[in-house]
Number of protein chains: 2
Amino acid sequence: MRALIAYAHEEPKSFNAAMKDRAVEVLSGAGLEVDVSDLYAMGFDPVGGTRDFTALENADFFKYGKEQRVATERGTFAADVATEQRKLLACDLLIFQFPLWWFGLPAVLKGWVDRVFAAGLIYSHDMWYTTGKFRGKRAMVSTTTGGGPAIYSETGLNGDLDQILFPIHHGMFYFVGFDVLPPYVAWSVSRVDQATRERYLDEYAERLKAWQTTEPIAYPPLEAYDENFQLKG
Amino acid sequence: MRALIAYAHEEPKSFNAAMKDRAVEVLSGAGLEVDVSDLYAMGFDPVGGTRDFTALENADFFKYGKEQRVATERGTFAADVATEQRKLLACDLLIFQFPLWWFGLPAVLKGWVDRVFAAGLIYSHDMWYTTGKFRGKRAMVSTTTGGGPAIYSETGLNGDLDQILFPIHHGMFYFVGFDVLPPYVAWSVSRVDQATRERYLDEYAERLKAWQTTEPIAYPPLEAYDENFQLKG
């Protein structure tokens, strides 16, 4: 089994780094091969577009999805994209490790998705959701927040964290077929004491040890929708 | 009055470009000064971090929010960030023009927010939501989708577009104090016919002409929350 951790923090002393390191330790200890895409350290370029390709089908009118489908057939993805695609395609467990910035992924990780999750190779309309490429595989968010659980609750000022993570959970992970594990959230990491931070790391380690048996978030399967993509009544 | 369009598409022949051009025409025609941040054309770097600053308070342990607050006091934002902050601070109307990628902003625009919306300068815990810097000003999403309205409805396979846009509407715009105008969505632009695309541009123009009188999305004001950031009962 293989895990891939897509990791988006610039500071090696950060709590995100500690979480990434703990995940490597726990998953390796459980016998998995672990790949880490340390996006800041790699200098990963997150700007999706023409630079994703070694050749263009139509340089006069750039259409991203079309070029991705052509590159899938011809093997003309740029080296940085192709390398990440190989890691992604090989993984049984995908983890996004990031600080929650502006209610979502830091741009370097959002752009990893924009570029790597290419039409044709990673998804198509015959290969998405429960017919997705990654069905039977698992994905999980591991994140840190500024605020505590109250402000991210359903009646909280920032809104429900589950709703905030929907574009990642449903729109990225489930969209390409992953079973989506509940997120591990390290709340207010810059404000809590050292004992709490250590407890977070231990809780996260327990979650990782249970990655194969944890109940995924329940989403309706593709066959629950009609031909207009509406839930059947 | 000034408008700022943060525009994220690489292809000048794209429908996003046509929407951006129409917005410039309509808003200029209504007497506004219009700034366009054409992020691809500018080669905007969306990777937030140490490169945002001309000097660091603590280079041994990089803390992003802390460095942003210091840079606000000392004027040590890097030139690319400072230029965009000036445009943002000057605007009465902010428009995000982008194709919906992976249920959110393309990375180049997400990173524009990550870097430009700096702690201290653009928001703080005394200056957010209804006490935000941009209160009385207006912001709006203008986006294009691959799918149609059915798949983005509440019972649709991709989930409710309002929920998908919540991190932008509530988490970015309202967070810094903007009144949030309902989004203009050009559905399935690559699949509809030319007459429909022209209708989209005309509808969008009408929406823009009414930017000062359109009813914003209703969110509870800050004073509706208690000291734990919970909605008062």
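## The setting of A:Q97

A:Q97 is buried, because 27 C-beta neighbours lie inside 10 Å; a residue is called buried if 20 or more other C-beta atoms, placed from the backbone, lie within 10 Å of its own, exposed if 12 or fewer, and partly exposed in between. The residue is found in strand 3 (residues 93-99) of chain A. Helices (H or I, at least four residues) and strands (E, at least two) are DSSP runs, numbered from the N terminus.

Leaving aside neighbours within four places in sequence, A:Q97 is in contact with A:I5, A:Y7, A:A8, A:N16, A:M19, A:K20 and A:S142. Two residues are in contact if their C-beta atoms, placed from the backbone, lie within 7 Å. A:V141 is 44 residues away from A:Q97 in sequence, yet the two are 6.5 Å apart in space, C-alpha to C-alpha.

## Basis of the description

The structure is a predicted model, in which local features need pLDDT of at least 70 and side-chain atom pairs count only at pLDDT 80 or more, while totals for chains, interfaces and linings use all residues. Residues are numbered from 1 along each chain as its sequence is written, and chains are lettered from A and ligands numbered from 1 in the order in which they are written.

## Two related copies

Chain B is superposed on chain A by a rotation of 180° with 0.0 Å of shift along its axis, and the RMSD is 0.0 Å. The two copies are thus related as by a two-fold rotation axis. The superposition is made by least squares on the C-alpha atoms of residues with pLDDT of at least 70 in both copies. The same surface serves both copies, since 100% of the contact residues of chain B recur in chain A. Among the residues of chain B, B:A107 comes closest to the rotation axis, with its C-alpha at 2.4 Å.

## The interface between the chains

In total, 42 residues of chain B are in contact with 42 residues of chain A. On the side of chain B that touches chain A, the elements giving two or more residues are helix 5 and helix 6 (161-173) of chain B. Helix 6 of chain B provides the largest share, seven residues. By class, this side has 24 nonpolar, 13 polar and five charged residues. Ala, Val, Leu, Ile, Met, Phe, Trp, Tyr, Cys and Pro count as nonpolar, Asp, Glu, Lys and Arg as charged, and the others, Gly among them, as polar.

Helix 5 (residues 107-116) of chain A packs against helix 5 (residues 107-116) of chain B at an angle of about 175°, with their axes 8 Å apart. Helix 5 of chain A is therefore roughly antiparallel to helix 5 of chain B, a term for angles over 145 degrees. The axes are lines fitted to C-alpha atoms, for helices over the stretch in contact, and angles run from 0 to 180 degrees between N-to-C directions. In this pairing, A:A107, A:K110, A:G111 and A:D114 meet B:A107, B:K110, B:G111 and B:D114. The contact of the two helices has two nonpolar, two polar and four charged residues.

A nonpolar core is a set of buried Ala, Val, Leu, Ile, Met, Phe, Trp, Tyr and Cys residues joined through C-beta atoms within 7 Å. The largest such core has 139 residues, of which A:A6, A:L109, A:F117, B:L109 and B:F117 touch the most other members. Helix 6 of chain B gives the largest share of this core, seven residues. Not counting residues up to four places away in sequence, A:F117 touches A:I122, A:Y123, A:M172, A:V176 and, in the other chain, B:W102.

Helix 6 (residues 161-173) of chain A is mostly covered, with ten of its 13 residues buried. The buried residues include A:L161, A:I164, A:M172 and A:F173. Their cover includes strand 3, helix 5, strand 4 (138-144), strand 5 (179-180) and strand 6 (184-186) of chain A, together with helix 6 of chain B.

## Residues in loops

Most residues other than glycine have a negative phi. A:W102, in the loop between strand 3 and helix 5 of chain A, has a positive phi near 50°. This residue counts as buried because it has 20 C-beta neighbours inside 10 Å. A:S188 also has a positive phi, of about 50°, and lies in the loop between strand 6 and helix 7 (194-209) of chain A. With 15 other C-beta atoms within 10 Å, A:S188 is partly exposed.

Definitions and conventions. Parallel < 35°, antiparallel > 145°, perpendicular 65-115°, else oblique.
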